[in-house]
Amino acid sequence: MYQVCLSISSQFEHWLPSLCELNEILKQCDGVYSCMQNQDRMYLRFSCPDACKLKVEKAIKEYLCEIYLTKVKKEYMQQNIKINLDIFDILLSILVSFDRESEKELLDRTLIVHDTMSIDGYFNFRLYEIRDRWLDICKLAKENALFLTDRETMFELLRFLMSTIKPKIEKIVVKQFNSIFEVYTLDDQLLIQLDNPEDLLLYFIETAPLEIRIVGDILPKQQRLILDSIFDDKLKA
């Protein structure tokens, strides 16, 4: 029986994404998953037959990569970039998505799934190479903070950074019903519902669609300006 136990400090539990995909793979392999809280740590235990070891190990590795390259990276950059910008959240989200493919390749080479792993401890003591990369980006942002206060310069930078992000989806359509933004594929499959335009913009950044169609004049002026400035070549009537 192949077994892995991941643990994480309670203060970092918000790092954890959904386990749905990983749990589905476990079910396919006749494996099981359990969660236990012990004092100030959470323990995630995964077990499967030895014949499925490689498949489950790969899924756990992808789960860990998702943790490190999303919530952990964002938190790290928030702590190390101090710039007074009214669209700082937009800049931060783009920086988190920036260079993700290269970083995923790096983690794929360096991250090793052990039988017993501390998610936060592994980041603090083993993933120094990727932390150094992030620190370089933070230093660059701080050193150029004065230039970034110029709106046109900022938008030019954001457009460049967005052009380097690999799209997660090709084309989307955005509608609004009862003050809720709904994002669909072109064949009307609902992807997500969002409460406010700020979250909608962050979703655009996260997914980097190749084409965006907004149905109606549904965005407030400020968010529409940001959308036009960053995604102009992707907006379709």
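**Close-up views of a predicted protein model**

View 1. Ser 47 is buried, at a relative accessible area of 14%, where buried means under 20% relative accessible area, exposed over 50% and partly exposed in between, with a 1.4 Å probe and protein chains only. The model is a predicted one, in which local features need pLDDT of at least 70, side-chain atom pairs count only at pLDDT 80 or more, and totals for chains, interfaces and linings use all residues. Residues are numbered from 1 along each chain as its sequence is written, and side-chain values use heavy atoms, with hydrogens and water left out. Ser 47 belongs to strand β3, residues 41-48; helices (H or I, at least four residues) and strands (E, at least two) are DSSP runs numbered from the N terminus. Residues up to four places away in sequence aside, Ser 47 touches Met 1, Tyr 2, Gln 3, Leu 26, Gly 31 and Val 32, a contact being heavy atoms within 4.5 Å.

**View 2. The protein chain as a setting for the close-ups.** Ten helices and nine strands make up the secondary structure of the protein chain. Its C-alpha atoms fill a box of roughly 55 × 45 × 30 Å, taken along the principal axes. Of the 237 residues, 46% count as buried. Among contacts with a separation of 6 or more, 66% are between residues 24 or more positions apart.

**View 3. Val 183 in strand β6.** Val 183 lies in β6, residues 180-184, and counts as buried at 0% relative accessibility. Gln 193 is ten residues away from Val 183 in sequence, and their C-alpha atoms are 6.4 Å apart. Leaving out residues up to four places away in sequence, the residues that Val 183 touches include Ile 172, Val 173, Val 174, Leu 200 and Tyr 203.

View 4. The 13 residues of α8 (residues 151-163) should span 18 Å at 1.5 Å a residue, and the end C-alpha atoms are 18 Å apart, which agrees; the expected span is 1.5 Å times one less than the number of residues. Met 154, Phe 155, Leu 158, Leu 161 and Met 162 are buried in α8. Seen down the helix axis, the buried residues of α8 fall within an arc of 125°, so they line one face; the arc is that of the directions from the axis to the C-beta atoms. These buried residues pack against α3 (88-97), α7 (145-148), α9 (197-207) and α10 (221-231). Exposed Glu 152, Glu 156 and Ser 163 are carried on the face turned away from the buried side.

**View 5. The largest pocket.** The largest pocket has a volume of about 800 Å³. A pocket is an open set of points on a 1 Å grid over the protein atoms alone, where a 1.4 Å probe fits, with protein on both sides within 12 Å along at least five of seven lines; lining residues have an atom within 4 Å of a point. Of the 26 lining residues, Glu 21, Glu 66, Arg 100, Lys 104 and Lys 168 lie nearest the centre of the largest pocket. Helix α2 gives the most to this lining, with seven residues.

**View 6. The second largest pocket.** The second largest pocket holds about 380 Å³ of space. Among its 16 lining residues, Thr 70, Lys 74, Ser 93, Leu 202 and Glu 206 are the closest to its centre. Helix α9 gives the most to this lining, with five residues.

Note on methods. Points joined across faces, edges and corners; volume = space filled by probe spheres on them.
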